[in-house]
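Here is a protein to walk through piece by piece. Keep the sequence and the 3D view side by side as you read.

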Amino acid sequence: MAGGGLVQLLTTFGSREDALRVAREAVEARVAACVQVVGPVTSLYRWEGRLEEAEEFLCLLKAPAEGLDRLVAFVRALHPYNTPELTAVASAFVEERYLAWARSETLSPPSPGPA
C-alpha cells in the first residue's frame, strides 16, 4: 500500500439523522472521501453495569491513512455520544484508482467553484 493506504473509521449513532449529518459534514469538510450509513443495526453492549440493546446506525468513513488523525478529531468533535466507538480498520488492499480518488478528495485543497 503506497503512502499508507486507506482506512475505514467505524462509529455508530443513535439516529439516522445524526449519522447523515456527521457523514455529510465529514465529506463537505474533506476529512472523509466517502461515508456509508448502514442500518438500523442492533447493538448489544454492557453500559454502567447493565446489558443494553439499542437500535443504531453504523457509519463507515473512508479516508487515506495519513488523514486518520484529522478524521478522528473531526468525528469526535461532532459525535453526540460521550463515549463513541471510534475504531479504525486499515485496508489490506485498495484499488489504485479508488485510493487516488480518496486522496484527491481529502488531502488536496478544494477546487474553486464556478464564478
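Is Arg30 buried or exposed? Arg30 is buried, at a relative accessible area of 16%. Buried means under 20% relative accessible area, exposed means over 50%, and partly exposed lies in between (1.4 Å probe, protein chains only).

Some ground rules come next. This is a predicted model, in which local features need pLDDT of at least 70, side-chain atom pairs count only at pLDDT 80 or more, and totals for chains, interfaces and linings use all residues. Residues are numbered from 1 along each chain as its sequence is written, and side-chain values use heavy atoms, with hydrogens and water left out.

Start with the whole protein. Its secondary structure comes to three helices and four strands. Along the sequence they follow the pattern β-α-β-β-α-β-α. Helices (H or I, at least four residues) and strands (E, at least two) are DSSP runs, numbered from the N terminus. The C-alpha atoms fill a box of roughly 50 × 40 × 20 Å, taken along the principal axes. Of the 115 residues, 35% are buried. Now look at contacts, meaning heavy atoms within 4.5 Å. Among contacts with a separation of 6 or more, 75% link residues 24 or more positions apart.

Next, find helix α1, residues 16-28. It has 13 residues and reaches 18 Å from its first C-alpha to its last. That is close to the 18 Å expected at 1.5 Å a residue; the expected span is 1.5 Å times one less than the number of residues. Which residues of α1 are buried? They are Ala19, Val22, Ala23 and Ala26. They cover an arc of only 100° around the axis, so they sit on the same side of α1. The arc is taken from the directions from the helix axis to the C-beta atoms. An α-helix has 3.6 residues a turn, so residues three or four places apart point the same way. The buried residues of α1 pack against β1 (6-13), β2, β3 and α2 (68-78). The face turned away from this buried side carries the exposed residues Glu17 and Glu28.

Now return to Arg30, which lies in the loop between α1 and β2. Its phi is near 65°, a positive value in a residue other than glycine. Glu48 also has a positive phi, near 50°. Glu48 lies in the loop between β2 and β3. At 69% relative accessibility, Glu48 counts as exposed. A cis peptide bond joins Gly39 and Pro40, with omega about 15°. Pro40 is found in strand β2. What is the usual pattern? Most residues other than glycine have a negative phi, and most peptide bonds are trans.

On a 1 Å grid over the protein atoms alone, a pocket is an open set of points where a 1.4 Å probe fits, with protein on both sides within 12 Å along at least five of seven lines. Lining residues have an atom within 4 Å of a point. How much space lies in the largest pocket? The answer is about 330 Å³. The lining has 14 residues, and Tyr45, Trp47, Glu56, Tyr81 and Thr83 lie nearest the centre. The elements that give two or more residues to this lining are β2 (34-47) and β3 (50-64). β2 gives the most, with five residues.

Methods:
Points joined across faces, edges and corners; volume = space filled by probe spheres on them.
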